[in-house]
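Subject: Structure handover

Hello,

Here is the structure you asked about. Please open it first, then read my notes below.

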Amino acid sequence: MKKTFRGGTHPPEFKLTSGVATTPLPVPELIYVPIQQHIGAPGVPVVKKKDEVTVGQPLTQSGGFVSIPAHAPVSGVVKDVIPYANPVGKEMMTVVIETKDDGGDGKGEEDPNWADATPDVIRERVKNAGIAGMGGAAFPTHVKLSPPEAKPIDTVIINGAECEPYLTSDHRLMLERAEDIVRGAMLVRKTVNAKKLFMAVEDNKPDAFESLKKAAASLDSSIQVEMLPVKYPQGAEKQLISALTGREVPPPPALPMDVGCVVQNVGSCVAIYEAVRWQKPLIERYVTITGSGVKKPTNVLAKIGTPLTYLIEAAGGYTDDAAKLIMGGPMMGNALWTDTVPVIKGTSGVLVLNKEQAIIGEEEPCIGCGRCVSVCPVFLLPTNIARLSELERLEDADELGVLECIECGSCTYICPAHRNLVQHIRFGKAAVMAAKRKATTKKEKAA
Ligand code: SF4
Ligand code: SF4
């Protein structure tokens, strides 16, 4: 087993909060729950202004198969359903709840036979609980657990790599909830009928590796806990599959299931376990608040819908020279224009950089050094694709594989000319996808 992948980079780790235990965040007076926090169709609101809601109650219903509901993270009254600032960069319909009380953790009655739940029951509970990938991708989990018969799964990989600099929420979860992660992982393996179950941790987290290993040994000795060398983006699905199985996922639209694999994040495993055992919906998550722009970096357990202002406060507030707010890590996160946006299901961290760290060098002409090509984990030509995207030569960008880009940012990080490569590529990717969707709709209408 090679345990690594081709390409990749080694950005400084800055794991400032790996030794900070997770503490529950006080519940805010107002909670903001967007109707869509996942990839796929938005949920359809089933509550209206002035409705009383109790913790765990559905606020939306699924808008299709690739869709999940959102639930009330607290008990209270619906203040309004309005367009509101969202981490994805645009306003989105959001259910605003005036909190009466935190209502507890949202667990329902325990199913004493949870460990014997059938794959269909597991899928149904996971869907009803509104679980989406908690590593940031936010793809509905029940869909990943429903591979077609023609694509049998033999391997499940549990992703504890947490390769983004600064973030430690998964690290803390592996230390604090290891047995629950393993229980969730076993449910995943059962659901997709896989033989092998790997759990993968980077070697900068030896304590998390030991913690998972101990939990796995006590619950199921067939689970393989693997230590992987630190390299970014080790936690990307395709790179993890390549490192652990030697299999290469073909270009899109191929998925991990095309090579017999399902990958789940450690946080998703805990959510799956709680959904199956207590029918608990996904209403809270571990979040890291970190960086040179907050006074006391920390890890918290936050209710979904909590405005980031509360998280910043929990981290001691902004430093005087705080300059840039990012949801997620520095490589793949989104820069935010306001701290009033809420925590959503895919929020693993909030990063604040000070003025010095936030400075991005001025873009200069490409010097043709080829570094971006050597680090690209999907073997693309970032400089060419970025240029074609910038020029809106979409067919050419598509030809060079713009849709294969996993937006890891390695090319931008390594570029000595400070080219905004991933930013241009992201634009090109979105434009190509939009053009393809338009063409498909036109074709369907004509048929
Ligand atoms: S082109 Fe895409 S996948 Fe390749 S290094 Fe750049 S961001 Fe990562
Ligand atoms: S790393 Fe930057 S300067 Fe070097 S080839 Fe790529 S875009 Fe050009």
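Which residue in strand 16 is the bridge partner of Leu-325? It is Val-352. Before the rest, two notes on the source. This is a predicted model, in which local features need pLDDT of at least 70 and side-chain atom pairs count only at pLDDT 80 or more, while totals for chains, interfaces and linings use all residues. Residues are numbered from 1 along each chain as its sequence is written, and chains are lettered from A and ligands numbered from 1 in the order in which they are written.

Helices (H or I, at least four residues) and strands (E, at least two) are DSSP runs, numbered from the N terminus. Two strands pair if DSSP finds at least two bridges between them. Strand 14 (residues 322-327) pairs with strand 16 (residues 349-354) over five bridges, in the antiparallel sense. Strand 14 also runs antiparallel to strand 15 (residues 334-335), with two bridges joining them. Here Ile-326 stands opposite Ala-335. The hairpin of strand 14 and strand 15 has six residues between the strands. Gly-328 in this hairpin takes a positive phi near 105°.

Next comes Asp-339, in the loop between strand 15 and strand 16. Is Asp-339 buried or partly exposed? A residue is buried if 20 or more other C-beta atoms lie within 10 Å of its own, exposed if 12 or fewer, and partly exposed in between, with C-beta atoms placed from the backbone. Asp-339 is partly exposed, because 18 other C-beta atoms lie within 10 Å. Its C-alpha atom is separated by 5.6 Å from that of Thr-309, 30 residues apart along the chain. Leaving out residues up to four places away in sequence, Asp-339 touches Leu-308, Thr-309, Ile-312 and Leu-325. Contact means that two C-beta atoms, placed from the backbone, lie within 7 Å.

An open sheet of four strands has the order 10-9-8-11, with parallel pairing. Strand 10 (224-228) and strand 11 (261-265) stand at the edges. Each has a single partner strand, so one side of each is left without a neighbour in the sheet. From one strand to the next, the twist averages 25°. Angles run from 0 to 180 degrees between N-to-C directions, and axes are lines fitted to C-alpha atoms, for helices over the stretch in contact.

Strand 8 (residues 155-160) and strand 9 (residues 196-202) run parallel, joined by six bridges. Ile-158 has Met-199 in strand 9 as its bridge partner. Helix 4 (residues 178-192) packs on the sheet and touches strand 8, strand 9 and strand 11. Its direction makes about 150° with that of strand 8.

Helix 3 (residues 169-176) is mostly covered, with six of its eight residues buried. Among them are His-171 and Leu-173.

Why is helix 7 largely enclosed by the rest of the structure? Because twelve of its 13 residues are buried. They include Cys-269, Tyr-273 and Arg-277. Gln-279 follows helix 7 and has a positive phi, near 50°.

**Backbone details in the loops**

A cis peptide bond joins Tyr-232 and Pro-233, with omega about 0°. Pro-233 is in the loop between strand 10 and helix 6 (237-245). A cis peptide bond also joins Pro-252 and Pro-253, with omega about 10°. Pro-253 is in the loop between helix 6 and strand 11.

Tyr-166 is not a glycine, although its phi is positive, about 75°. Tyr-166 lies in the loop between strand 8 and helix 3. It counts as buried, because it has 28 C-beta neighbours inside 10 Å.

**The two ligands**

A residue is near a molecule if its C-beta atom, placed from the backbone, lies within 6 Å of it. There are 16 residues around ligand 1, and Cys-376, Pro-382, Cys-405, Cys-408 and Cys-411 come nearest. Helix 13 (410-414) and helix 14 (421-446) are the elements that give two or more residues to this shell. The largest share, three residues, comes from helix 14.

Around ligand 2 there are 14 residues. Cys-366, Cys-369, Cys-372, Thr-383 and Cys-415 come nearest.

Best wishes
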